[in-house]
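Dear colleague,

Please find below the structure for your review.

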Amino acid sequence: DLDPTDLADLYETRLRASLAFTALPPDGQLLLLRAGRARLAEAAAATPRTVPLGLETELVASLEVDGRSYPLAGRADRIDRREDGVVILDYKTGGFVAPKNTCWSDEALWNRLAAVSGLGPDDPELLELVAKRLGSIQLPLYCWLHAVSRNETPADAAFVELRDKGQERPLFGPRLEPEARNDAIRRQTPRLLAYLVRSLRAAERFAPRPDERRCPYCDFRAAC
């Protein structure tokens with residue numbers, strides 16, 4: 001039960017105590033105060049009834065691939081307890097692409113992933129196909145890490161779109177039945193991760209993928 005006014009008042013109190021805020025010109029200070037209060041009110045309105053369990057939570061588990069153990073880790077921005085179970089949230093200030101529900105029911109894709117022992121000439125286009133179909137593996141990875149390390153399969157995960165009004169963009173949503181969600185997290189995600197580990201292990205080079213939206217902000221632009 002978030003009170004938008006209390007939240008905005010706390011924001012303003014913390015902001016006014018910041019050295020970065022005092023260094024701004026008056027018009028910049030006013031803009032930041034008004035925009036921040038408005039955004040927080042929108043975020044509070046977009047937040048469903050929930051109980052936050054943790055913030056910045058480290059999730060760690062090991063993945064067995066071809067007889068070797070690979071430790072994988074992620075840091076969940078927020079983990080909530082809701083009516084259907086645990087929900088993992090990741091805040092996004094920019095754009096993002098989440099996997100579509102249709103990819104989880106595409107058994108041909110998952111069988112194809114399982115059949116590849118490395119990124120070889122037998123299926124050279126598969127990695128690009130996976131990138132297009134899933135977009136991002138962040139939320140599936142977090143769900144799998146939570147399921148393995150805490151012995152509880154999350155009910156869902158979501159990106160929180162901060163650049164708009166703080167809406168949640170779920171990984172699965174209500175259209176995917178609980179059994180299908182559990183299968184996606186427990187069976188399909190580790191299959192995907194194993195394929196990616198094999199691909200990384202077998203790759204002789206990592207070709208750049210130019211993107212005019214992201215390249216200007218890349219830390220490795222000069223080297224690329």
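On a 1 Å grid over the protein atoms alone, a pocket is an open set of points where a 1.4 Å probe fits, with protein on both sides within 12 Å along at least five of seven lines, and its lining residues have an atom within 4 Å of a point. This is a predicted model, in which local features need pLDDT of at least 70 and side-chain atom pairs count only at pLDDT 80 or more, while totals for chains, interfaces and linings use all residues. Residues are numbered from 1 along each chain as its sequence is written, and side-chain values use heavy atoms, with hydrogens and water left out.

The largest pocket is lined by 22 residues, and those nearest its centre are Leu127, Glu128, Ala131, Leu196 and Arg209. Helix 5 contributes the most to this lining, with six residues (helices are DSSP runs of H or I, at least four residues, numbered from the N terminus).

In the second largest pocket, 18 residues form the lining, with Leu2, Ala43, Thr47, Arg78 and Tyr91 closest to the centre. Helix 3 (26-46) provides the largest share of that lining, three residues.

The largest nonpolar core comprises 40 residues (buried Ala, Val, Leu, Ile, Met, Phe, Trp, Tyr and Cys residues joined through side-chain atoms within 4.5 Å, where buried means under 20% relative accessible area with a 1.4 Å probe, protein chains only). Ile88, Trp104, Leu134, Trp144 and Leu145 have the most contacts inside this core (contact means heavy atoms within 4.5 Å). Helix 7 supplies its largest share, eight residues.

Yours sincerely

Methods:
Buried < 20%, exposed > 50% of the residue type's maximum accessible area, 1.4 Å probe, protein only. Helix = DSSP H or I, 4+ residues; strand = E, 2+ residues; numbered from the N terminus.
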